[in-house]
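Q: Could you walk me through a few helix and side-chain details of this one? I'll jump between topics as we go.

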Amino acid sequence: MSLKTRLARGACAFAAVAMMVLPLAPSARAQEETPAPAPAAEAPAAAAATPTVEERLADIEAYMNNVARPEKTSGAESLVKGPGPGHNAWQMVSTALVLFMTLPGLALFYGGLVRKKNVLSVLAQCLGCACMITPLWWLCGYSLSFGVDAKSALIGDMSNAMFKGVDPAAVGAGYYWISDGMWAMFQLTFAIITPALIVGAIAERMKFISIMVFILLWMFAVYFPFAHMVWSTVGLMCGPLNPNAAIKAIDFAGGTVVHMTSGWSALVLCLILGKRINYGREPMAPHSMVLCMVGTGMLWVGWYGFNAGSALGADAIATNAFVTTTLCAGTAGLAWALVEWIFKGKPSVLGFCSGIVAGLVVITPAAGFVGATSSIIMGVLAGVVPFLAVAYLKKMLGYDDALDTFGVHGVGGTMGAILTGIFADEKVNSVVGPLKEGLLMNQFKAVALTIVWSVVATAVIALIVKVVLGLRPDAETETAGLDLADHGEAGYEH
């Protein structure tokens, strides 16, 4: 074989080997570059339990009935953990209605009853209450009334100061289906109107700065403790919520907390302050019964938030409170006008207005606890007893309760608290059942404590303010009117 032939055959053999080897090279690189297979993934965590269909239906039933969500045997959390739309919506409306009672309802009611030189003074005092108490409620008032960690039966704590823990998406602070934030706002409107009621007794003769300082101190000494004692789960007088309450009384919407505290405090303050200049020697008739009547209508409408809203949901108890509030207010307005017609010869617009407000006051502690017929009876008494207090008791004792705060709220609130003990019916509200035995005596105890506490606290605060700031303007300023002296404005320019 020639050399040439042998070289040719070697080249072919080399080529063949190359063709066999070269295709393997990329595969080897690919194997080297391909990452090692990942280790097997860990098994997924056990899925959170979900409510069964039956449990979800039970939640819906609880919402419809405005009761607590039932416990779930599956261990799952409710899928409707936040506020219930319907109940919370009614609470929002109720809160707006109660604020409407003060601004503009009470402001116009009181504003129409004073002389025109003092109309802005009264309006400013109502505005002052709303604007001062609102940030105070955020700062500490809500917590001192309803602090979540409170242990004392007399006063709350600072656990919810500056609305710490007050979550608009959470429920339970007030009731099962309303927002904690809405509960705090609802109670704020009660805190606003209560001291504003006191303004009526001392109208036309107390300096603006003095009444504002008095109210600030009064909130700490009277309102916050009573809101806690009557409506907190550890309160001294909260029969429905505190099984260990020393006084197992009931107060649906504020007969003691709102009307008695303000009414009896008003009496003490007007006694310490003294009578208006020339009181009893010159006419001091209301300057505008039109404003008074408009304010009365606003109070009546707003009171549905006050009473029916205190059911804390749009349920049958709220409906009952709506019914009894209407019946008592209308009946009391009629009764007052009729009694006035008999004793004084004419049924006045002021008589109708006073009777309606007295009826609203008397039914307040009972609205969700008594039936329709009982509310009619309470309405008759509300029209007669406060009338006698306003028309005759005031003259007999000689005090100057300018706009009859004590006669209507003090007397009416006291009577309402007592009548609640008589007419409260477990058929209307099951809460009454376990408390029925001895309820009337507990109502008397609550009334007595409210009177003593309010009177003593008011006297001390008034004397402190009198020493530090003085209570009254000088005689010349009072005679000219407080609008210009305190606010540099006049209610009417023409």
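A: Gladly, and since this is a predicted model, I will keep to what was computed from it; to begin with the helices, H11 passes H12 in a right-handed crossing.

Q: Which residues make that contact?
A: On the H11 side the contact is made by Ala358, Gly359, Val362 and Ile363, and on the H12 side by Ser375, Met378, Ala382 and Pro386; sorted by class, these are six nonpolar, two polar and no charged residues.

Q: And at what angle do the axes of H11 and H12 cross?
A: The axes of H11 (residues 349-363) and H12 (residues 372-397) cross at roughly 125° and come within 8 Å, and the two helices are therefore oblique to each other.

Q: Switching to charges, how many salt bridges does the structure hold?
A: There are nine salt bridges, and one of them joins Arg115 to Glu282, with the closest N and O atoms 3.5 Å apart.

Q: Where do Arg115 and Glu282 lie?
A: Arg115 lies in the loop between H4 and H5, whereas Glu282 lies in the loop between H8 and H9, so the pair ties together parts that are 167 residues apart in sequence. Both also belong to a network of salt bridges that links them with Glu204, Arg205, Arg276 and Asp400.

Q: Is Arg115 buried or exposed?
A: Arg115 counts as buried because its relative accessibility is 14%, while Glu282, at 34%, is partly exposed.

Q: What about Lys81 and Glu77, buried or exposed?
A: Both are exposed, and their side chains meet in a salt bridge at 3.1 Å, N to O.

Note on methods: Residues are numbered from 1 along each chain as its sequence is written. This is a predicted model: local features need pLDDT of at least 70, side-chain atom pairs count only at pLDDT 80 or more; totals for chains, interfaces and linings use all residues. Side-chain values use heavy atoms; hydrogens and water are left out. Axes are lines fitted to C-alpha atoms, for helices over the stretch in contact, and angles run from 0 to 180 degrees between N-to-C directions. Helices (H or I, at least four residues) and strands (E, at least two) are DSSP runs, numbered from the N terminus. Angles under 35 degrees count as roughly parallel, over 145 as roughly antiparallel, 65 to 115 as roughly perpendicular and the rest as oblique. A crossing is left-handed if the near helix is turned anticlockwise from the far one by less than a right angle, and right-handed if clockwise. Contact means heavy atoms within 4.5 Å. Ala, Val, Leu, Ile, Met, Phe, Trp, Tyr, Cys and Pro count as nonpolar, Asp, Glu, Lys and Arg as charged, and the others, Gly among them, as polar. A salt bridge is a side-chain nitrogen of Lys or Arg within 4 Å of a carboxyl oxygen of Asp or Glu. Buried means under 20% relative accessible area, exposed over 50%, partly exposed in between (1.4 Å probe, protein chains only).
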